[in-house]
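The sequence and structure come first.

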Amino acid sequence: MKLEWKTCIRVGVSVFVLFLAIRYWDVAMGFLGVVLGAAFPLLLGGIIAYVMNILMSLYERCPVWNSNKLAVRQVKRPVCILLAFVTIVVVVYLLINMILPELIAGLQVVLSSIPDAVESAIDWLREHLDEDIWKQVEGVLTKLENMDWQSALQKAASFLMNGVSGAMGSIVSILSSFVSTLISVVLATVFALYLLSGKEKIGGQVLRLMKCYMGEPLESKVMYVIRTFDSSFRGYISGQCTEAVILGTLCTLGLLALQMPYATMVGCLVGFMSLIPIAGSYIGAAVGTFMIFTESPTKALGFLIFLIILLQLEGNLIYPRVVGASIGLPGIWVLSAVTIGGGIMGVPGMLLGVPLAASCYKLLRTDMHQREQQGRRGIFVRGRKKEEH
């Protein structure tokens with residue numbers, strides 16, 4: 001091992017920085033949190049640009065842009081960016097417009113049916129409880145009916161008025177947080193548009209920096225890792241969106257054929273929630289069952305049976321072909337990635353766990369194959385040498 005003065009300096013500086021990070025861990029984490037908070041709009045803009053780039057690349061591959069005219073080449077990128085942005089906004093608007101009104105209508109049905117449900121519960125209690133117990137319950141109900149609700153409401157109002165000052169502080173805090181989030185989203189969108197408009201130039205600059213400061217071998221390895229992660233995330237996003245559209249369409253058509261209430265809303269909700277691997281479809285099923293149950297318990301049971309059959313077909317036929325082939329990850333690892341990611345980060349962890357696990361799986365599999373081939377070559381070379389001797 002050759003020890004040069006540059007190597008000694010690098011080792012010494014690295015050890016000193018490591019000591020400072022361990023000794024002042026809280027300060028370092030606080031500083032890192034401040035940096036990440038300040039850079040949050042840029043990080044969000046990078047995520048938006050990455051997702052929009054998938055749609056933009058799809059639009060750029062359209063045959064209409066194959067012309068060699070200068071005007072066509074100049075408007076190609078701005079038009080494709082605009083189309084990608086409009087597509088995302090339209091999809092989000094349609095989802096909200098189809099799901100939210102129906103969900104509000106269902107909640108209104110539930111709230112309007114509460115008085116009848118309370119009366120039915122009281123009649124059932126009167127029929128099935130013993131006389132002594134029913135007298136006690138009836139006494140409590142009588143006290144509730146004879147309560148001076150007006151004075152109670154006045155006391156509640158005075159209590160609320162006393163807490164107005166504290167509530168105003170909370171409202172101001174909520175408004176400031178909303179404005180800050182809105183500004184961050186606007187800055188992130190503008191940053192994403194800049195990234196998309198000059199992605200080739202930015203990518204070339206980053207590649208030059210890596211070649212200059214990393215060297216050729218390390219740069220090629222880092223680029224291989226980046227390409228692997230990009231392939232996994234791109235395949236996962238496109239495959240998951242395709243699978244969600246297919247599942248939502250099949251669910252909507254099936255519910256319309258079965259004449260179920262809230263067919264469009266429930267189908268869109270099931271399709272949208274299926275973007276979350278494994279758990280999302282069951283969340284959509286629970287909400288859809290509740291909505292249909294407000295209209296008819298029998299139809300809710302029929303919806304559950306239909307959706308279970310549909311999810312089995314989707315899990316065994318559609319998902320492996322559409323998503324499984326795009327990420328190349330076995331089913332057991334998909335379940336493990338969703339479980340661990342959800343336990344660490346909740347819903348975002350469920351969304352990121354699968355492509356991260358797929359990327360690590362591909363890198364590990366490639367490295368393992370290379371090591372096995374090198375081991376076989378070494379055995380072959382040693383065997384040839386023994387034969388020669």
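By about how many helical turns are R371 and D367 separated in helix α15? Being four residues apart in that helix, they are separated by about one turn.

This is a predicted model: local features need pLDDT of at least 70, side-chain atom pairs count only at pLDDT 80 or more, and totals for chains, interfaces and linings use all residues. Residues are numbered from 1 along each chain as its sequence is written, and side-chain values use heavy atoms, with hydrogens and water left out.

**Salt bridges**

The whole structure holds four salt bridges (a side-chain nitrogen of Lys or Arg within 4 Å of a carboxyl oxygen of Asp or Glu).

| Pair | Distance | Relative accessible area |
|---|---|---|
| R77 and E60 | 2.5 Å | R77 17%, E60 15% |
| R234 and D230 | 3.9 Å | R234 26%, D230 29% |
| R371 and D367 | 2.8 Å | R371 58%, D367 33% |

Buried means under 20% relative accessible area, exposed over 50%, and partly exposed in between (1.4 Å probe, protein chains only). R371 is therefore exposed, while D367 is partly exposed. Shared partners join E60, R77 and E200 into one salt-bridge network. R77 is buried, and E60 is buried too. R234 and D230 both lie in helix α10, four residues apart.

**Helix α3**

Helices are DSSP runs (H or I, at least four residues), numbered from the N terminus. α3 covers residues 40-60 and reaches 29 Å from its first C-alpha to its last, close to the 30 Å expected (1.5 Å times one less than its number of residues). It bends by about 30° at N53; the bend is the angle between axes fitted to the seven residues ending there and the seven starting there. Its buried residues include N53, M52 and E60.

**Core and patch**

The largest nonpolar core has 32 residues (buried Ala, Val, Leu, Ile, Met, Phe, Trp, Tyr and Cys joined through side-chain atoms within 4.5 Å). Its largest share, seven residues, comes from α11.

On the surface, W5, I9, V13, F16, V17, F19, L20, Y24 and V27 form a nonpolar patch of about 940 Å² accessible area. Patch members have over 30% relative accessible area and no salt bridge; nonpolar side chains (Val, Leu, Ile, Met, Phe, Trp, Tyr) are joined within 5 Å, like charges within 9 Å. Areas come from the Shrake-Rupley method with a 1.4 Å probe, and for residues only the protein chains shown count as cover. Helix α1 gives the most to the patch, with seven residues. Y24 is partly exposed at 43%.

Note on methods: Helix = DSSP H or I, 4+ residues; strand = E, 2+ residues; numbered from the N terminus.
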